[in-house]
Amino acid sequence: MIERWALVSGLLGDLETYDLIQRDLKKTRGVTSLFVLGDLVGPERNCDALLDRLKNPHRGDLKPDCIYGWWEEQLLAERGFRGERKADALRLSQGEDAVNALLNTVNPSHLNWLASLQFGFIELDCALIHGSSSDVGDNLTSETSPLILLDRLTRLNVNRLFTARSTKQFHLELTGGGINSQVKDLNGKREQQQEVPKRSVIGIGAGVHYTLYDVGSDKTHFLTAGSKTNPKRKGFA
Amino acid sequence: MNHAIISCLHANLPAVEAVLNDIDRQGIKTITCLGDLVGYGPQPNEVVELIRKRGIATCQGCWDEDIIDGLNACECSYPSQLAERRGHLAHQWTDDQLTDENKSFLANLPTSLRRDRLLFVHGSPNSQHEYLLPDMDAFAALERVETAGADILFCGHTHQPYVRELRGGSIHVRLQNADHDSGQREELTLPMRKIVNAGSVGEPRHGTTNATYVIHNDATDEVEIKEVAYDVGRTCQAIVEAGLPKVFAWRLSHGFEFAEQAEDASHVCER
């Protein structure tokens with residue numbers, strides 16, 4: 001069977017949005033996998049109901065494969081699951097109130113499950129990560145230097161990197177180019193030429209904005225849950 | 001003006017003295033050290049004290065960091081259990097020998113030094129443990145220099161001196177956003193950048209027993225890789241007398257070694 005993946009992130013405890021996406025997926029032909037690329041939790045609302053649903057899918061739900069995102073990293077750090085590190089990034093950017101708000105949105109009974117989530121998945125020649133191979137908080141956008149995007153792809157030796165941290169939907173394809181390098185050492189000089197490999201970075205969106213990826217044809221479809229968007233119109237090969 | 005860059009001294013006093021004499025003979029006043037003052041070698045206090053006495057600007061190496069913070073690097077550090085055991089022995093011995101004052105000096109070294117468009121680090125701008133090998137992916141190499149905001153990146157850690165010039169680069173992209181039906185195309189022209197690896201004073205791995213360092217002229221950007229012979233036998237004898245693993249003396253006397261460098265040098269340490 002030709003695989004079609006659904007890629008979701010940034011639910012931030014919003015069960016209603018997740019339910020909307022699940023209903024969309026039931027009506028969409030051929031979706032074989034659902035990947036939730038982190039930020040399951042957030043500081044705005046109680047996240048327990050969503051976490052319960054992700055852990056125990058309803059009958060007919062597409063079973064989600066989840067990884068942790070930036071908000072989980074902050075929560076787990078503050079709860080002592082990351083050694084000596086605390087939620088420093090959150091504290092620095094949004095203050096102590098945000099840290100306390102986050103702690104109050106997740107029942108501690110979910111922490112072990114959240115701590116068991118992986119940093120990312122490698123599926124075929126694709127990496128599925130909340131941020132990037134560099135860091136869970138790495139904010140890759142269509143504005144990020146292609147040199148940095150190429151580095152993030154190279155670190156994992158994958159052809160496609162699906163990222164969620166920016167919350168944006170984009171598909172940036174590296175289509176060509178190259179570089180010359182000359183190395184001089186005690187044995188003399190040598191020249192090297194290297195071409196840019198054909199690789200892509202795909203921002204999958206957040207919340208109601210999610211992405212379908214057709215593995216066989218390498219097409220992405222940027223969708224909004226609950227809208228009547230036809231995946232064929234938004235496809236990008 | 002010429003300035004000299006030295007790295008990876010590894011507690012080898014005869015090698016350090018020979019290199020500093022060579023630099024002094026050329027009248028070079030500015031010296032920058034890229035760390036790893038200690039580790040493997042038999043004279044950690046003597047080498048640290050010489051660098052302190054000379055007031056040489058120094059950034060912290062991976063060994064300097066490990067002596068202070070303890071060994072907690074990820075499994076990338078050693079290619080075998082034997083190499084790891086030897087490394088731990090050397091770590092313990094160095095930790096026992098170093099005075100509190102010298103440990104405090106190592107603890108307070110910066111991880112990088114910057115002079116205008118020149119950046120000095122031990123491994124890479126990302127980590128003291130990352131190897132920038134001469135043949136690593138050229139785009140990844142350029143990314144390290146460019147992201148750090150430098151024109152020339154001086155590093156060590158590999159113990160292999162080289163100068164790598166990255167030029168004539170470009171990347172073509174096609175972008176599709178959710179609200180655009182057709183992809184827009186762009187071409188990014190990449191800047192010319194240079195990586196200069198100073199090799200190793202105290203534990204060379206480039207094929208001969210000579211210590212290496214580099215001289216950079218900041219007016220012309222010319223870089224010269226220098227080799228300096230020193231009394232290898234004196235260091236080897238001191239290694240054996242100190243009770244350090246004899247293989248450290250053997251590899252110094254042969255000018256190469258197979259151990260203590262991760263097999264997958266492109267691996268980025270997750271420490």
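Two residues are in contact if their C-beta atoms, placed from the backbone, lie within 7 Å. By that rule, 31 residues of chain A are in contact with 34 residues of chain B. This is a predicted model, where local features need pLDDT of at least 70, side-chain atom pairs count only at pLDDT 80 or more, and totals for chains, interfaces and linings use all residues. Residues are numbered from 1 along each chain as its sequence is written, while chains are lettered from A and ligands numbered from 1 in the order in which they are written.

Start where the chains meet. Helices (H or I, at least four residues) and strands (E, at least two) are DSSP runs, numbered from the N terminus. On the side of chain A that touches chain B, helix 7 (146-156), strand 7 (169-185) and strand 8 (188-195) of chain A each supply at least two residues. Strand 7 of chain A gives the largest share, 17 residues. By type, that side of chain A divides into 13 nonpolar, 13 polar and five charged residues. Here Ala, Val, Leu, Ile, Met, Phe, Trp, Tyr, Cys and Pro count as nonpolar, Asp, Glu, Lys and Arg as charged, and the others, Gly among them, as polar.

Strands also pair across the two chains. Two strands pair if DSSP finds at least two bridges between them. Strand 7 of chain A and strand 7 (residues 162-177) of chain B run antiparallel, joined by 13 bridges. A:Asn180 stands opposite B:Arg167 in strand 7 of chain B.

Now look at helix 7 of chain A, which holds A:Ile148. Leaving aside its neighbours within four places in sequence, A:Ile148 is in contact with B:Glu143 and B:Thr147. A residue is buried if 20 or more other C-beta atoms lie within 10 Å of its own, exposed if 12 or fewer, and partly exposed in between, with C-beta atoms placed from the backbone. A:Ile148 counts as partly exposed because it has 18 C-beta neighbours inside 10 Å.

Across from chain A, turn to helix 6 (residues 138-147) of chain B. Eight of the ten residues of helix 6 of chain B are buried, so the helix is mostly covered. Among them are B:Phe139, B:Leu142 and B:Glu143. The buried residues of helix 6 of chain B pack against helix 7, strand 7 and strand 8 of chain A. They also pack against strand 6 (152-155), strand 7 and strand 9 (193-197) of chain B. Just after this helix, B:Gly149 takes a positive phi of about 70°.

Chain B as a whole has eight helices and eleven strands. Buried residues make up 47% of its 271 residues. Five of the strands of chain B form an open sheet in the order 3-2-1-10-11, with mixed pairing. Strand 3 (57-58) and strand 11 (223-228) of chain B stand at the edges, each with a single partner strand, so one side of each is left without a neighbour in the sheet. Strand 2 (residues 30-33) and strand 3 of chain B run parallel, joined by two bridges. B:Thr32 has B:Ala57 in strand 3 as its bridge partner.

Finish with helix 1 of chain A. Its buried residues are A:Thr17, A:Tyr18, A:Ile21, A:Gln22 and A:Asp24.
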